[in-house]
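Student: Could you put the model up, so that we can go through the ligand site together?
Tutor: Here it is.

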Amino acid sequence: MKALNVIKELREGDLHTLNSIERGMKKHLYVPFSSLKVYSGYTEEDLEFYLNRLIDYELINLKRTAYKGYKLRFSGYDCLALNALIKADIIEGFGHKLGVGKEADVYDVLLSNSKERAAIKIHRVGRASFHHIKRYRTYISNRKHISKLYISRLAAQREYEAMNILYSGGLSVPKPIFQNRHSIVMSFMNGELLSNINYLDKPQKILNKIFDFIYLSFNNHDIIHSDLSEFNIMVTDDLEVIIFDFPQWISSDHPQYTFYLKRDIFNIANFFRRKFKVITELNNIYEKFEI
Ligand SMILES: Nc1ncnc2c1ncn2[C@@H]1O[C@H](COP(=O)(O)OP(=O)(O)O)[C@@H](O)[C@H]1O
Ligand SMILES: [Mg+2]
């Protein structure tokens with residue numbers, strides 16, 4: 001991640017300028033130089049100086065149309081989030097990459113207070129394709145323009161919200177620790193991704209734990225994961241399951257909630273049938289869920 005390499009070199013003025021661009025992006029796709037002067041309070045010379053540094057670090061883009069306009073790149077947004085997490089004494093050290101998904105990067109981090117290992121998930125909605133943004137249409141419909149950064153922040157906020165509800169309810173999700181902009185800090189999951197597991201002693205038991213999770217989060221908390229698959233389930237050494245990756249969760253007041261709930265159940269049942277020869281009578285499960 002570019003931000004990790006440059007964040008130590010950034011000066012207060014760089015961060016203040018990044019902040020000013022972020023503020024401007026609520027109104028503008030590309031923030032005009034004149035607006036940045038107002039937001040930053042800098043003289044033209046100072047502002048020009050910092051903007052040039054940020055361009056050199058590849059944290060922002062400049063577009064020359066009728067006017068000079070600036071916008072944050074993901075790398076610049078990363079710097080703002082990481083800086084906030086460091087300033088708030090949440091994280092200090094960074095380790096290696098834990099996972100690259102389609103729409104998020106996950107890294108090892110060290111928590112400032114406990115010195116425990118944790119994970120930071122940084123959302124990058126629209127990186128793979130702008131097409132995916134459609135998923136978030138329902139809650140961006142009334143914005144004039146939408147940036148990938150803005151949607152990534154919404155995705156992180158939504159994911160954090162679901163994790164908090166489920167974690168407080170005693171369900172097995174990573175412990176949510178802190179959220180800033182498009183990032184979430186959460187407890188580190190030890191274990192093996194279900195998709196990488198080729199043998200299970202008692203697969204039916206694991207499958208039941210997953211169904212229990214789906215049932216409790218739906219029945220007690222009105223939360224439907226809606227992207228559930230073997231890629232979003234961790235199995236620990238003592239055979240507990242941890243469910244993660246929640247940005248696209250829906251609530252059970254969604255008009256098509258039965259479709260998403262059935263799809264989650266089907267995906268898991270189908271995976272266990274293919275890989276572990278466990279047959280599930282889906283109608284029995286649907287009946288229990290009353291769907
Ligand atoms: N809390 C965590 N602890 C350890 N590894 C994690 C954690 N969260 C995510 N990962 C790793 O990062 C990968 C991608 O995370 P995920 O939340 O599924 O995002 P994506 O939207 O990219 O699929 C996971 O498959 C997993 O390997
Ligand atoms: Mg995932």
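**The ligand and its surroundings**

Tutor: To begin with a polar contact (N or O atoms within 3.5 Å), an oxygen atom of ligand 1 is 3.0 Å from an N or O atom in the side chain of Asp245. This is a predicted model, in which local features need pLDDT of at least 70 and side-chain atom pairs count only at pLDDT 80 or more, while totals for chains, interfaces and linings use all residues. Residues are numbered from 1 along each chain as its sequence is written, chains are lettered from A and ligands numbered from 1 in the order in which they are written, and side-chain values use heavy atoms, leaving out hydrogens and water.

Student: How far is an oxygen atom of ligand 1 from the side chain of Lys121?
Tutor: An oxygen atom of the ligand lies 2.7 Å from an N or O atom in the Lys121 side chain, and for the side chain of Asn232 the corresponding distance is 3.1 Å.

Student: And how many residues surround ligand 1?
Tutor: There are 16, with a heavy atom within 4 Å counting as near, and the closest are Gly101, Lys121, Ser187, Met189 and Asp245.

Student: Which elements give two or more residues to that shell?
Tutor: Those are strands E4 (91-100), E5 (104-111), E6 (117-123) and E8, where strands are DSSP runs of E, at least two residues, numbered from the N terminus.

Student: Switching topic, what does E8 pair with?
Tutor: E8 (residues 183-187) runs antiparallel to E7 (residues 176-180), joined by 4 bridges, where pairing takes at least two DSSP bridges. Gln179 has Ile184 in E8 as its bridge partner.

Notes
A polar contact is a pair of N or O atoms within 3.5 Å; within protein, one must be able to donate a hydrogen and the other to accept it, and residues adjacent in sequence count only if both atoms are side-chain atoms.
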